[in-house]
Amino acid sequence: MVGQDSRDGQESTVAQFYNKKTVFVTGATGFMGKVLVEKLLRSTQVEKIYVLIRPKKGVQTKVRLQELLSAKIFDQLKESSPKSISRVEAVNGDITEPNFGLSEDDERRLVGEVSVVFHSAATVNFNEDLTKAVNLNVVAVFTIMEICKKMKKLQALV
């Protein structure tokens, strides 16, 4: 059962924390991001998960979201709780852009709704151009902190 502690059937404190919260995840299309999104959907009653996704190689954000949610890791969740997938929503953006390239509407929505942010977007390519790697792995951290400073309900940045 979602969020229950197997010892006594009580909801875990972690599950309680996420109850009815809205989460924002960067890097959701990567390996760790997929694992995180699946775990949040399976183990908590999170209200909504916004995932920052950039268009890539001509594939639009909504298509990339469908590709993300069609990954094998989500199969059991879709079978046991098919409606849970509807709690994931794509936000168009790119961590290499100023303010992640967020539209005014998307930024307003994130600032007004999000309680928890997971910043997991990064490059792990050790042969990456240094300027690009710094933008992805350092500058983006400062950008997410600036966005988080505006969030009215923020409780955690990971």
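The legends below describe views of a predicted model of one protein chain.

**View 1. Overall fold of the chain.** Six helices and five strands make up the secondary structure. Their order along the sequence is α-β-α-β-α-α-β-α-β-α-β. The C-alpha atoms occupy a box of roughly 50 × 35 × 30 Å along the principal axes.

**View 2. Contacts and burial within the chain.** Of the 158 residues, 41% count as buried. Among contacts with a separation of 6 or more, 71% join residues 24 or more positions apart.

**View 3. Surface and charge of the chain.** The accessible surface amounts to about 9400 Å², and carbon and sulfur atoms contribute 53% of this area. The chain carries 23 positive and 19 negative side chains, with the centres of the two sets 2 Å apart.

**View 4. The buried face of helix H5.** Helix H5 spans residues 104-113, and its buried residues are Asp-106, Glu-107, Leu-110 and Val-111. Viewed down the axis of H5, these residues fall within an arc of 130° and therefore line one face of the helix. An α-helix has 3.6 residues a turn, so residues three or four places apart point the same way.

View 5. On the face turned away from the buried side, H5 carries the exposed residues Glu-104, Asp-105 and Arg-108.

Note on methods: Residues are numbered from 1 along each chain as its sequence is written. This is a predicted model: local features need pLDDT of at least 70, side-chain atom pairs count only at pLDDT 80 or more; totals for chains, interfaces and linings use all residues. Side-chain values use heavy atoms; hydrogens and water are left out. Helices (H or I, at least four residues) and strands (E, at least two) are DSSP runs, numbered from the N terminus. Buried means under 20% relative accessible area, exposed over 50%, partly exposed in between (1.4 Å probe, protein chains only). Contact means heavy atoms within 4.5 Å. Accessible areas come from the Shrake-Rupley method with a 1.4 Å probe; for residues, only the protein chains shown count as cover. Lys and Arg count as positive and Asp and Glu as negative; His and the chain ends are not counted. The place of a charge is taken as NZ of Lys, CZ of Arg, CG of Asp or CD of Glu. The arc is that of the directions from the helix axis to the C-beta atoms.
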